[in-house]
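Please have the sequence and the structure open while reading.

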Amino acid sequence: MKFAKTFVATTTVAALLAGTASAQDVKHFEGIYSGIEAGVDWTKMSAGEKKDRSIYYGGVLGYRMQSDTNMVFGLEGTFGDTGYNQLDARNTDYEYSGSLILGQAFGDDGRNMVYGKAGYVRTRFDLTDSADGGAYNEGGWRFGGGYERALTNGLSFRTGLDYTTYGDGIKQWTGKAGLLASF
């Protein structure tokens with residue numbers, strides 16, 4: 001009987017420890033992911049203009065690799081609209097970007113990550129209602145960072161701030177939050 005109790009106790013402890021080790025080995029920020037994001041955008045077109053505040057909404061698609069030291073490397077693309085709308089009829093039609101992601105997962109369960117990103121963005125401005133007419137594309141550099149929390153093994157929530165500079169005094173700040181699904 002003593003042997004049976006010892007065997008059951010030892011097996012139970014080993015199973016619990018193995019389960020804990022397996023849970024810690026889960027890489028929450030690895031693989032292909034996609035999601036939606038929304039937030040607030042502040043755009044300043046030139047030194048003389050006031051900043052326009054508008055709603056940002058868009059989609060995200062990316063791929064990340066998480067190392068054994070919990071460093072996260074990835075490539076991410078976005079497509080969305082800032083809703084930029086100035087009185088002189090300058091509006092945005094859409095924007096898309098490609099960025100490199102570098103992050104660090106942390107916490108006892110590895111479900112938290114801080115990240116930074118750098119990339120290129122292209123925005124389509126529409127001038128059809130202005131005296132100039134037509135539309136044009138403007139390209140610039142985007143830098144950002146944020147925090148992401150894995151809610152489950154396939155779903156995470158993130159929040160972040162991006163800064164985009166197009167040159168010629170055009171600047172953009174975007175604060176956003178999103179929900180991502182991993183595959």
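Where does Asn 70 lie? Asn 70 sits in the loop between strand 2 (52-66) and strand 3 (71-81). The model is a predicted one. In this model Asn 70 has a positive phi of about 70 degrees, although it is not a glycine. Most residues other than glycine have a negative phi. With a relative accessibility of 27%, Asn 70 counts as partly exposed, because the partly exposed class lies between the buried limit of 20% and the exposed limit of 50%.

**Overall fold**

The protein is made of one helix and eight strands. Read from the N terminus, the order of elements is α-β-β-β-β-β-β-β-β. The chain of the protein has 183 residues, of which 38% count as buried. Among contacts between residues at least 6 apart in sequence, 56% join residues at least 24 apart.

**Aromatic pairs**

How many aromatic pairs does the structure hold? The structure holds four. One of them is formed by Tyr 120 and Trp 141, with 5.4 Å centre to centre and 75 degrees between the planes, an edge-to-face arrangement. Tyr 120 belongs to strand 5 (residues 112-126) and Trp 141 to strand 6 (residues 135-150), so this pair ties together parts that are 21 residues apart in sequence. Tyr 120 is partly exposed at 36% relative accessible area, while Trp 141 counts as exposed at 52% relative accessibility.

Tyr 163 and Trp 173 have ring centres 4.6 Å apart and planes at 45 degrees, so the pair is tilted. Tyr 163 lies in strand 7 (residues 155-167) and Trp 173 in strand 8 (residues 170-182), so the parts tied together here are ten residues apart in sequence. Tyr 163 counts as partly exposed, with a relative accessibility of 21%. Trp 173 is also partly exposed, with a relative accessible area of 39%.

The table gives the accessibility of several residues discussed in this report.

| Residue | Relative accessible area | Class |
|---|---|---|
| Tyr 120 | 36% | partly exposed |
| Trp 141 | 52% | exposed |
| Tyr 163 | 21% | partly exposed |
| Trp 173 | 39% | partly exposed |
| Tyr 94 | 30% | partly exposed |
| Glu 37 | 6% | buried |

Phe 79, Tyr 94 and Tyr 96 form one aromatic cluster. Tyr 94 and Phe 79 are 15 residues apart along the chain, and their C-alpha atoms are separated by 7.3 Å. Apart from its neighbours within four places in sequence, Tyr 94 is in contact with Phe 79, Gly 80, Asp 81, Arg 122, Thr 123 and Arg 124.

**The cavity**

Rolling a probe the size of a water molecule over the atoms shows where empty space is left. Searching the whole structure gives one cavity of 30 Å³ or more. The largest cavity has a volume of about 60 Å³. Its lining consists of Glu 37, Tyr 115, Lys 117, Gly 145, Arg 158, Thr 159, Gly 160, Leu 161, Asp 162, Lys 176, Ala 177 and Gly 178. Strand 5, strand 7 and strand 8 are the elements that give two or more residues to this lining.

Which strand gives the largest share of the lining of the largest cavity? Strand 7 does, with five residues. By class, the lining has three nonpolar, four polar and five charged residues.

**Glu 37**

One of the lining residues is Glu 37, which lies in strand 1 (residues 31-44). Is Glu 37 buried or exposed? Glu 37 is buried, with a relative accessible area of 6%. Not counting residues up to four places away in sequence, Glu 37 touches Tyr 56, Tyr 57, Gly 58, Val 60, Thr 78, Arg 158, Lys 176, Ala 177 and Gly 178. Glu 37 and Phe 157 are 120 residues apart in sequence, with a C-alpha to C-alpha distance of 9.6 Å.

Methods. Residues numbered from 1 in each chain as written. Predicted model: local features only at pLDDT ≥ 70, side-chain atom pairs only at ≥ 80, totals over all residues. Heavy atoms only, no water. Phe/Tyr/Trp six-rings, centres within 6.5 Å; stacked < 30°, edge-to-face > 60°. Helix = DSSP H or I, 4+ residues; strand = E, 2+ residues; numbered from the N terminus. Buried < 20%, exposed > 50% of the residue type's maximum accessible area, 1.4 Å probe, protein only. 1 Å grid on protein atoms, 1.4 Å probe; cavity = no way out; pocket = protein on both sides within 12 Å on 5 of 7 lines; lining within 4 Å. Points joined across faces, edges and corners; volume = space filled by probe spheres on them. Nonpolar A, V, L, I, M, F, W, Y, C, P; charged D, E, K, R; others polar. Contact = heavy atoms within 4.5 Å.
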